[in-house]
Amino acid sequence: MDQASEPARYDFTTAEPRWQAAWNDRASFAAPDVPPEGAKKYYVLEMFPYPSGKIHMGHVRNYTLGDVVARYKRATGHLVMHPMGWDAFGLPAENAARDRGVHPGAWTYNNIANMRAELKRMGLSLDWSREFATCDPEYYGQQQALFQDLMAAGFVERKESWVNWDPVDNTVLANEQVIDGRGWRSGAPVEKKLLSQWFLKITEAAPDLLEALNGLDRWPERVKLMQANWIGRSEGARVRFELAQAVDGVTDVEVFTTRPDTLFGMSFLAVAAEHPLAAAAAARNPKAAEFIAECRAMGTSEAAIEQAEKRGFDTGFFVKHPFNGMEYPVWIANFVLMEYGTGAIFGCPSGDQRDLDFARKYGLPVLPVVLPPDADPATFSIADVAYTDDGRIYNSGFLNGLAVPEAKKAAIAALEEKRAGRGIVNWRLRDWGVSRQRYWGCPIPVIHCDACGVVPVPKDQLPVKLPEDVDFSRPGNPLDHHPTWKHVNCPSCGRAAVRETDTFDTFVDSSWYFARFCSPRAAEPLTKAAVDAWLPVDQYIGGIEHAILHLLYARFFTRALSGMGKVATPEPFAGLFTQGMVTHASYRAADGRWLYPEDVAVDAEGVATEKATGAVVAIGRGEKMSKSKNNTVDPGAIIDRYGADTARWFILSDNPPDRDMEWSEAGVAGAARFVQRVWRLVTTSLPLPPASETPGETPAGRKLRQVTHRSIAAVTTALETFAFNVAVARIHEFANAIAEAPADAAGAKLEALEALLRLTAPMMPHLAEELWSALHPGTTDLVAELPWPEADPDLLKADTLTLAVQVNGKLRANIEVALDASEDTIFTTALAEENVARAIDGKPIRKRIHVRGRIVNFVV
RNA sequence: GCGGGCGUGCCGGAAUGGUAGACGGAAGCGACUUAAAAUCGCUCGGGUGAACGCCUGUGCGGGUUCGAGUCCCGCCGCCCGCACCA
């Protein structure tokens with residue numbers, strides 16, 4: 001092979017580390033804790049990663065998106081803070097400890113070291129000096145201090161709630177550890193168990209959390225909608241039903257309903273399995289107890305409860321209807337949730353699908369009480385579908401003839417008059433249970449003393465550190481069976497007491513980390529000057545799967561901190577962008593094995609076969625990358641082969657960032673070709689001939705300058721709107737135009753190449769630096785520190801106007817007219833087109849439509 | 001089950017209610033080469049035509065409009081969340 005004949009190529013393997021070192025040496029991405037007077041601050045944050053061991057393509061996508069924003073904002077004159085850290089507590093570390101005998105801390109910090117090295121290879125404009133992990137005692141100790149502040153401010157309470165209990169492993173299970181109602185390790189049927197736990201009173205903030213969504217104008221509408229529905233404000237009534245006979249001294253049962261207008265359509269009353277009346281029934285009837293036990297086996301997941309077949313048990317109790325005085329049976333039903341409303345409902349089968357399914361199953365009456373418009377009351381009946389829309393009330397005594405909204409008001413008024421109920425606002429949102437019976441989390445900093453009750457650990461004794469010597473060979477919480485850790489003296493009375501052995505939900509860790517980033521080494525949780533200067537986060541970026549819980553908890557936490565005067569802003573994230581997943585084709589053999597892509601051959605017809613056996617393989621369309629499906633792509637391997645810029649470019653170019661993207665080998669290879677193309681475009685232009693004309697003097701020069709400035713404008717708009725794939729397309733077009741520009745446009749070419757590099761820099765920062773230095777030998781400038789190019793408005797204007805001409809809405813011709821052509825001239829020019837005349841075919845023109853700069857339409 | 005979203009060529013996608021398919025990928029053909037890679041050029045929704053063109057087409061069925069991928073109503077399919085995964 002003759003080396004000399006090989007065309008020169010861009011060598012990213014040396015260039016990328018070189019520029020990373022240059023940014024590092026210049027501290028190009030460092031930000032001060034408190035910005036200087038007059039600085040335009042911009043806080044860019046991606047959701048910090050869980051240190052699972054390796055970065056995956058979802059991370060690459062997330063951090064590339066954030067990096068484009070950070071670099072673009074820096075170029076447009078902002079002082080940018082762009083930190084990185086680790087959401088480092090959680091179950092996987094404990095699973096690793098149980099499965100492989102590794103200590104959770106060692107496992108986690110080892111993973112962090114690996115992932116940090118991988119992230120650094122991506123060339124992200126991060127301020128690494130702010131890095132921390134939530135499992136650092138320096139971080140969780142401050143969190144313990146914050147929790148005590150929240151306790152003092154009245155945001156914390158202790159109450160009972162249900163958990164999934166594995167009776168064989170004697171441990172609490174997460175919902176994801178419950179599979180088809182059984183524990184994932186033991187396979188034992190899961191039971192619900194009542195535990196005393198710590199709660200943050202998020203429900204008190206519900207009205208405010210809902211109302212303030214209106215002010216989040218840079219959040220996706222769908223996320224705001226999901227949050228609003230989750231908070232779930234609903235207006236309705238509490239209705240008190242007297243029991244026909246008192247049960248254990250209890251004389252009545254309260255239900256919540258949003259449909260008091262349908263009270264006359266009642267055919268039963270149903271309570272949750274955890275309701276006191278259900279317990280009373282169980283005490284009298286072993287069959288009831290059996291049914292309740294079956295309900296408990298469903299676990300605590302709302303999805304599982306609501307998807308289960310509707311089942312019930314007749315308690316034999318009866319209640320009296322507050323309006324008609326009739327008696328109705330009380331059932332225990334598996335679809336009634338104890339956590340919502342009062343844990344009891346009245347069933348109106350004609351107006352609620354669940355009630356109808358239930359009534360049909362158990363042969364309960366179905367009385368229609370809302371008559372749809374245009375329906376005949378004599379013949380209207382309910383078969384398998386409940387009627388939930390508006391209409392006229394009938395079969396309903398004093399409510400007859402009213403429309404649904406009026407009937408609701410009338411029913412509530414009547415309930416209040418009879419003292420049998422009242423109108424109320426009910427919220428779906430429940431308080432936030434933060435206790436977890438696990439080791440690898442932040443210890444809840446309280447001590448339980450028989451004499452003094454709950455006593456906070458004195459602040460000068462924080463952090464309450466996790467013990468290192470823990471035993472994972474036994475099931476259950478290692479903190480609880482540690483021989484010494486929990487035994488302490490009460491800080492208040494000095495007698496023997498025990499530590500709380502529960503740790504915090506990891507959502508607590510992620511509810512304030514963005515604030516801690518502002519002063520990550522401070523001796524107190526937050527530094528007022530720093531958080532007030534930097535918060536709110538200007539652009540937060542992460543997965544849609546966090547649309548509700550994480551974002552709602554972080555909003556609540558920030559509100560609470562703001563209420564205590566620790567943070568000025570109540571809203572943590574001014575702008576939010578939710579990215580889609582990264583998917584990859586998956587291959588599954590007939591026997592159910594998931595195959596690695598490299599073990600599969602795909603022919604031209606798209607038929608896939610397993611290389612080893614030749615057997616045909618099923619191709620799954622893009623599925624979320626997961627180890628269990630063998631369809632992951634290792635970012636490290638991609639960067640080895642193609643470089644970070646290529647990976648970044650492909651991930652940005654493939655599709656809009658809020659949609660799921662399919663990773664494809666061909667796509668990366670195409671991106672790699674473009675990297676080389678830009679490199680050739682610049683290097684083959686060197687050295688640039690001395691400009692014989694000032695830019696734009698020749699017709700070709702002016703044309704290239706127009707393209708340059710239109711490209712600047714188009715890419716800027718695309719970046720501002722997160723349309724990164726469009727920005728990529730515009731840069732492709734721009735590069736094509738530069739390549740095609742004739743030689744006499746030399747003066748405009750330098751301007752074009754500079755603009756190309758600066759527009760590309762947020763997306764392919766290493767290549768931009770490499771070529772900038774080639775274009776300006778000896779320069780000490782870094783593109784990362786240069787300002788964003790500005791489009792010259794004069795060069796954005798077109799020289800003529802191109803209009804589409806339609807006849808009856810169908811395109812028939814294009815015409816070109818002067819910018820200032822009159823409407824008459826435009827119509828005359830349009831009608832002169834042969835194709836237009838043929839389409840009109842002499843028919844009279846009924847209407848002429850002209851939209852300036854767009855279109856002409858003749859209606860005939 | 002409930003809540004939210006998405007659906008456009010072979011594929012990813014573009015398109016302030018105004019020329020559907022920009023840009024890229026794949027594929028095919030050609031140039032260069034002993035050959036391949038790389039590179040460059042051409043073709044590339046379907047139908048019809050010698051050609052200017054014409055008809056049709058944005059998951060399905062309706063509607064609003066001079067004009068609908070875009071707005072409205074009803075379906076179908078896929079995806080996300082459902083409170084202890086992060």
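**A close look at the largest cavity**

Guide: Helix H2 gives the most to the lining of the largest cavity, with three residues. This is a predicted model, in which local features need pLDDT of at least 70 and side-chain atom pairs count only at pLDDT 80 or more, while totals for chains, interfaces and linings use all residues. Residues are numbered from 1 along each chain as its sequence is written, chains are lettered from A and ligands numbered from 1 in the order in which they are written, and side-chain values use heavy atoms, without hydrogens or water.

A cavity here is a set of points, on a 1 Å grid over the protein atoms alone, where a 1.4 Å probe fits but cannot get out; lining residues have an atom within 4 Å of a point. Its volume is the space filled by probe spheres set on the points, which are joined across faces, edges and corners. The largest cavity holds about 130 Å³ of space. Its lining has 14 residues, and Arg-71, Ala-75, Ala-761, Val-783 and Ala-784 are the closest to its centre. Helix H2 (57–75) and helix H23 (765–775) each supply at least two lining residues; helices are DSSP runs (H or I) of at least four residues, and strands (E) of at least two, numbered from the N terminus. By class, the lining has 10 nonpolar, no polar and four charged residues. In that scheme Ala, Val, Leu, Ile, Met, Phe, Trp, Tyr, Cys and Pro are nonpolar, Asp, Glu, Lys and Arg charged, and the others, including Gly, polar.

Thr-262, Cys-348, Ser-350, Gly-351, Pro-368, Val-369, Val-370, Ile-382 and Tyr-387 line the second largest cavity. By class this lining has six nonpolar, three polar and no charged residues.

Now for an open space. A pocket is an open set of points with protein on both sides within 12 Å along at least five of seven lines. The second largest pocket contains about 380 Å³. Gln-437, Asn-477, Asp-480, Thr-501 and Asp-502 are the closest to its centre among its 20 lining residues. Strands S3 (156–166), S4 (171–173), S7 (191–200) and S22 (496–499) each supply at least two residues of that lining, and S7 gives the most, with three. The pocket lining has four nonpolar, nine polar and seven charged residues.

Last, the RNA. There are 70 residues around RNA strand B, and Asn-175, Arg-438, Asp-654, Arg-854 and Asn-857 come nearest; a residue counts as near if one of its heavy atoms lies within 4 Å. Helix H21 (residues 724–740) supplies the largest share of this surface, seven residues. By class, the surface near RNA strand B has 25 nonpolar, 21 polar and 24 charged residues. Of the RNA atoms within 4 Å of the protein, 65% belong to sugar or phosphate and the rest to bases. A side-chain N or O atom of Asn-229 is 2.8 Å from a sugar or linking oxygen of RNA strand B. The side chain of Arg-659 has an N or O atom 3.3 Å from a phosphate oxygen of RNA strand B.

Technical notes:
A polar contact is a pair of N or O atoms within 3.5 Å; within protein, one must be able to donate a hydrogen and the other to accept it, and residues adjacent in sequence count only if both atoms are side-chain atoms.
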